[in-house]
Amino acid sequence: MPLLHRKPFTRQKPPADLRPEEEVFLCKITHEIFRSYDEFFERTILCNSLVWSCALTGRADLTYLEAVESERRAKQSLQSFPQALVVPMLHLAALSGHCRLSELCEDVYAFVKDRFFPGEIVDVSGRNGARHMCEVVQVLSPYSSANGATPTNSQSRPADGDTIVISDSDDESDAFQSPKPQVNGGKKKPLNPSAFIYRVRKVKDECNEPFTVKGNQISRKKSAVSRERLKLLFKQHCEPQKGSIILKPSTVKKYRLSEQSFSQFFPDEPPLLPFSPHSIGSPGQVSSINVLEEKLKLLQKREEMATAVYEKARLKKEREEVQEARRKEREGKDKLREEQRQRFEEEKQRKREERERRKLEKEREREKLKEEKKKYAQRLKLWNKPREDMECEDLKELPSPMPVRTRLPAELFGEALMVLEFLRAFGEAFNLKDEFPEGITLEVLEEALVGTDPEGPLCELLFFFLTAIFQALDEEQEEVAKDQAEDLWEALDDDSDPTQSALTAVASLAAAWPQLHQGSGLKQLDLDSCTLSEILRLYILASGADCNHSNAKFRYQKQGGFTVMDDPCVKLRVSDPALLKRLSCTPVYDLSPGEKLKILQALLGKLLTLASCRDLIEDCVDEQKAARQELREIRAEQHRRKREEI
């Protein structure tokens, strides 16, 4: 953690009564929470101020983030420090009596820069100039043979452990002060580093057989050991005491430095490191190793006392555990019943949630179906929208037209089909099968219009129309006899129009002619192929004679206010008098197809104006309305059943 004004910095803990929904201010730099904006603003300004320092390197005048980054790089550098060099470096630091950390680092670096220790990974130069990565297995002194020399402890490794952060002072030169006794002047002077012989083995070699090389053939990476990295290492494991820099008791215990000597790592005399001037001649001087051993003994006594306290607490805890086990045994049944009740509640809750889930799924399905119906209605509305034929997507080629082979002229084909359709629709009501048991077709109609046979289909067709007209008129006369029209004479007086009065008078004379000259009415005359033409002519002339005051009410109620000008035969007589004049001297069989078709259309129109035919049409319309209503009711019932099923 970075130091604030060279003192430890502690983050502010979140308030104990902080609610989950409460709004607070978060300082993203230190990850602290503040309720007051002023406190948040002050902490942000403080983090950006140059009042922080790194707890590992001692760098000052940094911001909070710069100090955190400096500590991160320092920890990374310590983690990558070669583990095989940690214990030898600490032994060398214990031999020093420096009061300045920089002097200690300089002396240790000068001693180890050309010396290598067992377990270290180094680069070895071969005879051909090739470089190999090897591990130092053994260091041999130049005074002893390779076989007779006492090997260094190549298996000694420092124990792993967490680094300890120490406080820094304002000046590195005054950071560590500890009195150190001088090395015995009778010791030998250290040998030249290039005189030592090293046994190494290749790291990546499969055979892995060690071989011997000289000191000048070995080198290590420049970044492996440097003054800066040594300074970081000693800051973690040393502390100032009495004006000198000594090792921490925890470091001595962790790496067992009191049980080892420097000769176990390197076969040479330890270096003659100078002592601090402040410690020379001070009373009560002892060697640093002895002081550390005394501190270690004190630590061991404290550990023994802590062990005794721990044993006492353990026995007490065991008794409490026995009592707790008995209590739990008594509460076991209650807990089991509680668990069963909880399982029942959970199962009940699970079923309730399952029902809710199914209900939600059904709701979603209904919404989806509703949306699909809406989209379908929109597509149907768009599809039903009027548009040009050529804009449709499903255009197809028109089928090749089939020519109609007929004996009739082309201009008469439509009128002939109208007559044929009338016979198909109303033939059953007027007993068409009496004249045409097998029905009438287009070929039969063609023969009637084109042929001249008196006994042909034209004769039978005219018989049908005249018979049907006479029967319908007889039925109307019976209904007219029952009604009185005096109250409508003035309202429906046709004498006001001289043309209609003249037509009615001529028709009345023609209707009376058979009674005067033949002794019977037109309806009672014998109808056969020989008399057909004359009876037909007389009927056309007599058409309109029944439009008088006696049947005015009937015509108003049953025929929609029928007048003499509404009679198709009267219209034929007025529009084509030459046809009736020709019919007086020529049989109907010898007329042209167009003239025959005009007569048939006039008779057809006369039938459509009669009350019996109008009643038939109205009955069919009522039946169609009833059928549509029934269809709507059936569809509504089907929709209701579907909704009930859903």
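Student: Which residue in β7 does D123 stand opposite?

Tutor: In this predicted model, strand β6, covering residues 121–125, and strand β7, covering residues 131–140, pair in the antiparallel sense over five bridges. Within this pairing, the residue of β7 that stands opposite D123 is M133.

Student: Which strands stand at the edges of the open sheet of five strands?

Tutor: The open sheet runs in the order β9-β8-β7-β6-β10, and its pairing is antiparallel. A strand at the edge has a single partner strand, so one side of it is left without a neighbour in the sheet. The strands in that position are β9 (211–214) and β10 (218–219).

Student: Is the ring pair of F422 and F465 stacked or edge-to-face?

Tutor: A pair of aromatic rings is described by the distance of the centres and the angle of the planes. For F422 and F465 the centres are 6.3 Å apart and the planes lie at 15 degrees, while planes under 30 degrees apart count as stacked. The pair is therefore stacked.

Student: How many residues apart in sequence are the parts that the pair of F422 and F465 ties together?

Tutor: F422 belongs to helix α8, residues 413–426, whereas F465 belongs to helix α10, residues 457–482. Both F422 and F465 are buried.

Student: What is the angle between the planes of F464 and F465?

Tutor: F464 and F465, both of them buried, form an aromatic pair with a centre-to-centre distance of 5.3 Å. The pair is edge-to-face, a class that takes planes over 60 degrees apart. The angle between the planes of F464 and F465 is 65 degrees.

Student: Over the ring of which residue does the charged end of R115 sit?

Tutor: The charged end of R115 lies 4.0 Å from the centre of the ring in question, and the limit for such a placement is a distance within 6 Å of the ring centre. The ring belongs to F111.

Key:
Residues are numbered from 1 along each chain as its sequence is written. This is a predicted model: local features need pLDDT of at least 70, side-chain atom pairs count only at pLDDT 80 or more; totals for chains, interfaces and linings use all residues. Side-chain values use heavy atoms; hydrogens and water are left out. Two strands pair if DSSP finds at least two bridges between them. Helices (H or I, at least four residues) and strands (E, at least two) are DSSP runs, numbered from the N terminus. Rings of Phe, Tyr and Trp (its six-membered ring) pair if their centres lie within 6.5 Å; planes under 30 degrees apart count as stacked, over 60 as edge-to-face and the rest as tilted. Buried means under 20% relative accessible area, exposed over 50%, partly exposed in between (1.4 Å probe, protein chains only). A charge sits over a ring if NZ of Lys or CZ of Arg is within 6 Å of the ring centre and within 35 degrees of the ring normal.
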